[in-house]
Amino acid sequence: MLEKENADIVICGGGCSSMLLLFNLQQYPTFKSLKIVVIEKEVQHQQKTWCFWHKGNHPLQHLITNSWQSIRFEASHFTTTQEIHPYTYSSIKGEDFYNYFLHQFIPQFSNITLIRDEVLNIEKTSSRLSKVICKNHVYTTRTVYSSIINKEFHEAPIFLWQHFKGWHIKTEEKVFDKNVMTIMDFSNCLPNSFDFVYILPYSSNEALIEVTAFSSEIWDERVYLKQLNKHISNKLNGAKYEIELMEKGQIPMACYNHTDLGKAGEILIGTAAGKIKASSGYGFEKMQIDAARLASNYFMNKLPNKPGQKRFTFYDKLLLKIILEKPEEAVTIFGMLFKKIPIPMILKFLYEETNLYEETLIFKNLPAIPFIKRIFN
Ligand SMILES: Cc1cc2nc3c(=O)[nH]c(=O)nc-3n(C[C@H](O)[C@H](O)[C@H](O)COP(=O)(O)OP(=O)(O)OC[C@H]3O[C@@H](n4cnc5c(N)ncnc54)[C@H](O)[C@@H]3O)c2cc1C
């Protein structure tokens, strides 16, 4: 027998974007009068570290464990390390994020109920009401937010994975500069492949070293291990180390025509709303900004209004096509980008905050032919 209940807001999925939405909704004084139900099917969340760049203090500053003011990029025959003012690059551990939301934030609000259940369907029952049908419950509500990814997303015509495996290592000797994170190190990249090493140094002898690749197929386990070992022996002079933790994951990178609303009129959030940037895989800050916008829309009674940034979708599409068709060409393009363009400008571009003039300057410094070729096929 299904339990039937009413709620003011139902949030489908209890992951990152849902927690960010709750965090932003509670900034409004009438929040406590709303009955909110969050439905999450899993008991355990995946091990993640979220990294993002931001200006000034972040709304979730209390969860940030490490920050860096400088970024390093390396390709064959070229290295640059730059300060990234006005940005700071920060990381939040998934464990800290969920500990805070599940054991501190949610328990202090009696109006939020977190349910372990699986959403099976969302139906529009009248012009104002929707039904969220789960395995064990049915909720009737006026507002549904959903972070459940549409199955068609994985069938997008341009689809690849950002897949990675990393080790949190502790070395015997001091081998890391804890002030500089490495965003991409292509110097040990495999032939005909778009793969790089990403490094978050936590201290002079502790770091997360992650091998990351953008491709349509996920690698065999042995390839990540080979690349990780190669990096450690070439770049850390074979330093002795212990592995403290392992992180593995895959982020979808797709050019998909995301919409604001799902089929039953539910408001989409997170990955389901296209908040993961197709060409970079970053989504945390975009989801936080979107959650603030959605919370304001809710309390100000406005309909969702997504600012149209179609040209960025176009740039992403071209870049993903190059990575898929000619990964080694994409590695060269990234090398040129970081050689010619200051890193803070690249970060601004990746957050889709540049203007047309700045984008012209960026593209003027990149080889035109790979992009032009992909416009027409
Ligand atoms: C390993 C990893 C590392 C990442 N690192 C970064 C990073 O450093 N920086 C960055 O900006 N982005 C990063 N991302 C990308 C992005 O920020 C995360 O994927 C983020 O968690 C997306 O948030 P979300 O709410 O869309 O999805 P999720 O956090 O995955 O939440 C969706 C939730 O919905 C639940 N769910 C799904 N279907 C149902 C259903 N039918 N019923 C009930 N519940 C359901 C799932 O169990 C899940 O908990 C990373 C992604 C991964 C996978």
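In what order do the seven strands of the open sheet stand? The order is β6-β5-β13-β14-β15-β12-β16, and the pairing is mixed; two strands are taken to pair if DSSP finds at least two bridges between them. The edges are formed by β6 (78-83) and β16, each of which pairs on one side only. From one strand to the next the twist averages 15°. The structure is a predicted model, in which local features need pLDDT of at least 70, side-chain atom pairs count only at pLDDT 80 or more, and totals for chains, interfaces and linings use all residues. Residues are numbered from 1 along each chain as its sequence is written. Helices (H or I, at least four residues) and strands (E, at least two) are DSSP runs, numbered from the N terminus.

Strand β12 (residues 158-171) pairs with β16 in the antiparallel sense over 14 bridges, and Lys165 stands opposite Lys248 in β16. Helix α3 (residues 221-235) packs on the sheet, where it touches β12, β14 (195-203), β15 (206-215) and β16; contact requires C-beta atoms, placed from the backbone, within 7 Å. The direction of α3 makes about 135° with that of β15. Helix α5 also packs on the sheet, touching β12, β15 and β16, with its direction at about 75° to that of β12. Axes are lines fitted to C-alpha atoms, for helices over the stretch in contact, and angles run from 0 to 180 degrees between N-to-C directions.

Strand β7 (residues 87-93) is largely enclosed by the rest of the structure, because five of its seven residues are buried (20 or more other C-beta atoms within 10 Å of the residue's own, with C-beta atoms placed from the backbone). Seven bridges join β7 to β3 in an antiparallel arrangement, with Ser91 as the bridge partner of Cys51. Strand β4 (residues 64-68) also runs antiparallel to β7, joined by four bridges, and Trp68 has Tyr89 as its partner.

Of the 28 residues around the ligand, Gly13, Gly15, Ser17, Gly249 and Gly270 come nearest.

Methods
A residue is near a molecule or strand if its C-beta atom, placed from the backbone, lies within 6 Å of it. A residue is buried if 20 or more other C-beta atoms lie within 10 Å of its own, exposed if 12 or fewer, and partly exposed in between; C-beta atoms are placed from the backbone. Two residues are in contact if their C-beta atoms, placed from the backbone, lie within 7 Å.
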